[in-house]
Amino acid sequence: MTSSPAITPTTATPSLADAIAYIRQRLQHYTSPEPVTLPSPLSLPLPASLAQLCHQFRLSPFERDILLLCAGIELDADFAPLCAIAQADAQRPYATFSLALVVLPEAHWHAFTPQAALRRWRLVEVGAGNALTSSPLRLDEQILHYLMGDIHLNQHLVQLGAIAPPNTPLVSSHLQLAEQLANTWYLAAQSNSTLPILQLCSKDPTSQRAIAAAACAQLNLKPYLVSVTTLPTDSPTLLQVQCLWEREYWLNRVAVLLEWDELSPTDPKLPAAIAQFIDLTPTPIILLTQTRQRQHHRPLVTFEASSPTKAEQRSLWETALNPIAPTLNGQIEHLVSHFNFSAAAIHAASLKLHIHTTHETAPAHTQLWQICRTQSRPRLDELAQRIEASVTWEDLVLPEQERQVLRDVAIQLKHRTQVYEQWGFGDRGQRGLGISALFAGASGTGKTLAAEVLANELQLDLYRIDLSAVVSKYIGETEKNLGRVFDAADVSGVILLFDEADSLFGKRSEVKDSHDRYANMEVSYLLQRMEAYRGLAILTTNLKGSIDQAFLRRIRFIVQFPFPDATQRAEIWRRVFPKQTPTQDLDPVKLAKLNIAGGNIRNIALNAAFIAAADNQPIQMTHLLQAARSEYVKLERPLTDAEVKGWVG
């Protein structure tokens, strides 16, 4: 008979080898034809890992000895042939329940039941066989390694997540929050109460994970990150996963940090699976969410994790940028006023700056500003259209009154930190502190161009959100869509341009049914987020008159973009061509007779440039005439002789 590959007992820890040797003696006594002294029940000191296993899972001496019998098969080459001899079958060189009953002392049938520890916690695996008692038994691989002193996560759970990153230093407000989480569990354990779920809500997943990990560290728990999307949705598999996580807690003191990313697509069955996992897994769970989730059957305690305070962000920047911080010309204050970064984001941006300063010639404060802009883009790039802004005030043709309102907007964005924080206007709450604007006017009158001018002036990113695409017919979805945009934008204080506001705003309707009520709620939600947003939020509309006056009163700036008159159109024509563009004999006054908006003028100028390039000539009136005809076709308007009189000789 060939024995299975084995590791000799000398490779095990001495006390584990002694415990296995005791089981081998029991087998030898049972199989020996000669009288052999029967060893007394195991009285040796147990190895620490085995003692811990017996304590945590309340194993009886018989159940403990079954584990040792299975361990002997793995670690002692003598065990397999002894098992085959004991069972009088060369084809059964393995442990079975029937073998345990006749060889081991203090045997009892209860140890074999599904509810007993060995099978309930999957400490041993029962192989295929004709009968339960004659089926092969195998020690669970993780338990084998555990007994050998090699502690690791169960392989079935590894694919569900990852160990949380090592603890990083927390700002004081986050450290206090971590202590609150830890104390909640500690007090529950002291009072023998049901361990509650801790729900930690935050828009910043990096800080959220760090706070949760710090709370676990205070209780000597190992935090393991698990995404809800990796949970199985079929009940049998989910029950197995629940069992294994609970076993992990007793073996390795693992706490589950269950991440609920609301942007991720989900299986329709997933919410029920999440609820089952949370309610039926009685071990430490921290639910990491962006917004509060519903109450579960198991007690739930909710905490809110906000970004580091302004003072904490200043301190983080100063520490991370040392020793170049004094050379940044007050840039740290400027950064804090626009970017709402976590500790990890600040360290990442600072590291990039230290790398760039060895290769770039631009001033450090300019490099750092661009690094922060770039670093904050990824989330918003998935939700909105970023517009590269390169135009200046010189490209914007507006009456002086409207230009002054736009300058006032820029002034407030530049000095909001001084007014809100240093002068105390922000001490009375966040409501109404957001800088909001409504740009009203016909299509092509310069609304988007004005937003680009502000973005370029302030060196901020500009994102366009088409409200007609955001509004959903499903109740509550519009608010979710808007919430995702504002949550992503809060990090960087970008300029948000909500286009096509007419699709959401309108005269406040009399509430006749639930749809009317929810439509008004959507508008209120948008205005509420605009009022609290730390950057600039702009609404554009072609029909200002359709917006309820009650809503207009909540918008700080309103800019009316008039249809340009002939003088303004001539000025637009003078500025529409870049300096390097070759032109010949263009007459802005004659061109201004085209009764069109600035957007149409830019279209004609661009199309004429392509026509002239094809002719290998500078742009002339004849090229503009050809382009104007095409534009008027698009507008479904006739191009009159009066408008183009004298263009071409």
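Q: What makes up the lining of the second largest pocket, by class of residue?
A: In this predicted model, the lining of the second largest pocket has 16 nonpolar, 6 polar and 3 charged residues. Ile and Val count as nonpolar, and Asp and Arg as charged.

Q: How do you know which residues line the second largest pocket?
A: A lining residue has an atom within 4 Å of a point of the pocket. There are 25 such residues, and Asp395, Ile572, Arg575, Val576 and Arg602 lie nearest the centre. The volume of this pocket is about 440 Å³.

Q: Which elements give two or more residues to the lining of the second largest pocket?
A: They are α24 (566-575) and α26 (598-615). The most comes from α26, with 5 residues.

Q: What is the volume of the largest pocket, and which residues are closest to its centre?
A: Its volume is about 1400 Å³. The lining has 47 residues, and those closest to the centre are Ser307, Asn340, Asp490, Val491 and Arg534. Elements that give two or more residues to this lining include α10 (205-218), α13 (310-320), α18 (400-422) and α22 (514-532). The largest share, 4 residues, belongs to α18. By class, the lining divides into 16 nonpolar, 17 polar and 14 charged residues.

Q: Why is the space lined by Arg373, Arg386, Ile387, Glu388, Ala389, Ala455, Leu460, Asp461 and Leu462 called a cavity?
A: The term cavity applies because a 1.4 Å probe fits at its points but cannot get out, whereas a pocket is an open set. The search of the whole structure finds 1 cavity of 30 Å³ or more, and about 40 Å³ of space lies in the largest cavity. The lining has 5 nonpolar, no polar and 4 charged residues.

Q: What makes β3 and β8 the edge strands of the sheet?
A: The open sheet has 6 strands in the order β3-β5-β6-β7-β4-β8, with mixed pairing. β3 (161-163) and β8 (300-304) each pair on one side only, and they are therefore its edges. From one strand to the next, the twist averages 25°.

Q: How do you know that β4 and β8 pair?
A: Two strands pair if at least two bridges are found between them. β4 (residues 197-201) and β8 have 5 bridges, so they meet this condition, and their sense is parallel. Within this pair, Leu200 has Phe303 of β8 as its bridge partner.

Q: What makes α9 a helix that packs on the sheet?
A: Contact means heavy atoms within 4.5 Å. Helix α9 (residues 172-190) touches β4, β7 (285-289) and β8, and its direction makes about 175° with that of β8. Helix α10 also packs on the sheet, touching β4, β5 (222-227), β6 (254-259) and β7, with a direction at about 170° to that of β7.

Q: Why is the pairing of the sheet called mixed?
A: β3 and β5 run antiparallel and are joined by 3 bridges, with Tyr224 in β5 as the bridge partner of Ile163. β5 and β6, in contrast, run parallel and are joined by 6 bridges, with Leu258 in β6 as the bridge partner of Val226. The pairing of the sheet is accordingly mixed.

Q: What handedness does the β-α-β unit of β5, α11 and β6 have, and why?
A: The unit, with helix α11 (residues 235-252) between the strands, is right-handed. The term applies because, with the strands pointing away from the viewer, the path from the first strand over the helix to the second runs clockwise.

Technical notes
Residues are numbered from 1 along each chain as its sequence is written. This is a predicted model: local features need pLDDT of at least 70, side-chain atom pairs count only at pLDDT 80 or more; totals for chains, interfaces and linings use all residues. Side-chain values use heavy atoms; hydrogens and water are left out. On a 1 Å grid over the protein atoms alone, a cavity is a set of points where a 1.4 Å probe fits but cannot get out, and a pocket is an open set with protein on both sides within 12 Å along at least five of seven lines; lining residues have an atom within 4 Å of a point. Grid points are joined across faces, edges and corners, and a volume is the space filled by probe spheres set on the points. Axes are lines fitted to C-alpha atoms, for helices over the stretch in contact, and angles run from 0 to 180 degrees between N-to-C directions.
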